[in-house]
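Subject: Structure for your files

Hello,

Please find the structure below, with my notes after it.

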Amino acid sequence: MISLNFIKYIRPTNIARNLSDKPKSPYKLLEKTDKMDIAEFSHSNMTAPEEAKTFRRVEIGKKDDKEYRREILSFYDSEGRIVALYHSGRKCPQRMKTFEYGYNKKNRDVAEYDAHTRTVKTTQYFDEEKTWKPIQEEEQYLYYMYDIRTPDNRAARKLHISKNVYDYKTKEPVIHATLTEYPLNIARKDRDPKKTYGMDIVLRDNRPEVIGYSKDNNVEIPKDDKFLPYRMLLGENKQLSLTQYYIDQKGLAPVGISVRFAPDEVAKNICGEFNSNTGEILFREVSKVEHPVLTASHEVEHAYQYSLIGRARHNQTDYETRCREILGTELSFMEMKDSAQYYKGKIKYPRLNPDEDLSKNKDYMNNELEVGAFKAEKKALKEYNEGREKILDVFKCIPGNATI
Ligand SMILES: [Zn+2]
């Protein structure tokens with residue numbers, strides 16, 4: 001437990017002192033509007049984010065370069081929180097930064113405070129390739145702390161940041177993944193040191209390969225944790241690489257299962273699906289509710305179930321035929337038994353309505369295929385979480401239900 005006493009040491013003067021030390025900026029502010037109603041927004045290049053209620057426009061120039069222009073559009077939600085920033089102009093890259101907010105269970109060591117999550121993703125338009133690519137993703141864990149001088153005010157402090165920076169300079173893009181944790185007792189003389197841990201990762205067919213490590217001396221994380229690179233990845237890369245991990249574990253790599261994000265092809269009431277005709281795994285988005293290990297292992301389990309159906313029986317879907325041809329028909333007694341069960345489930349699989357609450361649909365919840373997939377996802381999460389405790393021992397501000 002952390003004592004509340006240290007908070008009285010935090011003084012705003014720290015910030016003021018740093019500001020006066022700052023070197024003079026080469027930029028100059030040309031225009032800054034007030035926050036305006038989103039109904040007044042119109043732009044030739046972009047539409048406002050759905051959750052935006054107000055926006056502001058800022059124009060910036062450079063003191064020694066008359067050509068330089070940067071326009072920054074910022075969008076705010078109904079609570080006044082920033083949800084997006086759009087940069088464009090002359091002699092500066094076109095960039096989009098999006099912000100998402102969440103609430104997380106408190107961790108044991110910072111239990112007095114509320115843990116909030118902010119996910120920040122920056123994408124940039126690359127002119128030569130005519131495409132948008134991610135350049136940075138961040139998961140920030142913010143704790144709202146009471147200020148002892150003004151008990152009604154709570155100030156957010158970023159205590160832990162998990163960051164992925166994308167480097168496209170090399171032939172294969174490198175992901176610089178880092179964990180940074182700031183001390184809780186920042187204003188004290190004998191404050192704890194800052195902690196950092198870093199890993200350079202290259203993704204080959206969604207399989208993470210670690211090409212470098214870095215860490216502070218005060219950070220000890222066991223390198224034999226096989227999920228460590230997956231824990232360091234964020235967003236879509238975490239989902240895709242975990243899915244590939246379970247595909248490999250199930251011996252399904254030779255069958256060529258493609259995995260992709262397809263928000264328009266997946267129904268709104270599910271996170272992802274396995275298409276048993278084509279043998280594809282589709283995800284709607286990076287789920288904010290379900291742990292990526294659960295969704296990844298669940299859909300791969302369906303791929304495995306249909307592979308057994310295909311290997312035990314003749315000519316069915318394209319995928320089942322493919323499994324039969326590539327993986328062969330020789331099955332163990334247990335695999336034969338399982339395949340009979342799964343075939344039963346396939347025959348009576350209910351037609352699902354995209355608006356229904358699936359947890360209330362008994363035909364879905366009790367279907368042999370789903371029962372098997374739910375069992376597999378529980379087992380997968382238990383295995384994944386075994387090594388996670390070691391990281392939480394070092395980085396104490398990672399919230400209890402973070403997906404690391
Ligand atoms: Zn399922």
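Residues are numbered from 1 along each chain as its sequence is written.

The average pLDDT (the predictor's confidence in each residue, from 0 to 100) is 88, and 90% of the residues score at least 70. Over residues 1–19, pLDDT stays under 50. Where pLDDT is low, the predicted coordinates should not be read in detail.

The chain contains eight helices and 15 strands (DSSP runs numbered from the N terminus: helices are H or I, at least four residues; strands are E, at least two). Its C-alpha atoms fill a box of roughly 75 × 55 × 45 Å along the principal axes.

Helix 4 (residues 292–312) and helix 8 (residues 368–394) have axes that come within 8 Å and cross at roughly 135 degrees. Axes here are lines fitted to C-alpha atoms over the stretch in contact, with angles from 0 to 180 degrees between N-to-C directions. The two helices are therefore oblique to each other (under 35 degrees counts as roughly parallel, over 145 as roughly antiparallel, 65 to 115 as roughly perpendicular and the rest as oblique). Residues in the contact (C-beta atoms, placed from the backbone, within 7 Å) include Val293 and Leu294 of helix 4 and Leu369 and Gly372 of helix 8.

Regards

Conventions. Predicted model: local features only at pLDDT ≥ 70, side-chain atom pairs only at ≥ 80, totals over all residues. Contact = placed C-beta atoms within 7 Å.
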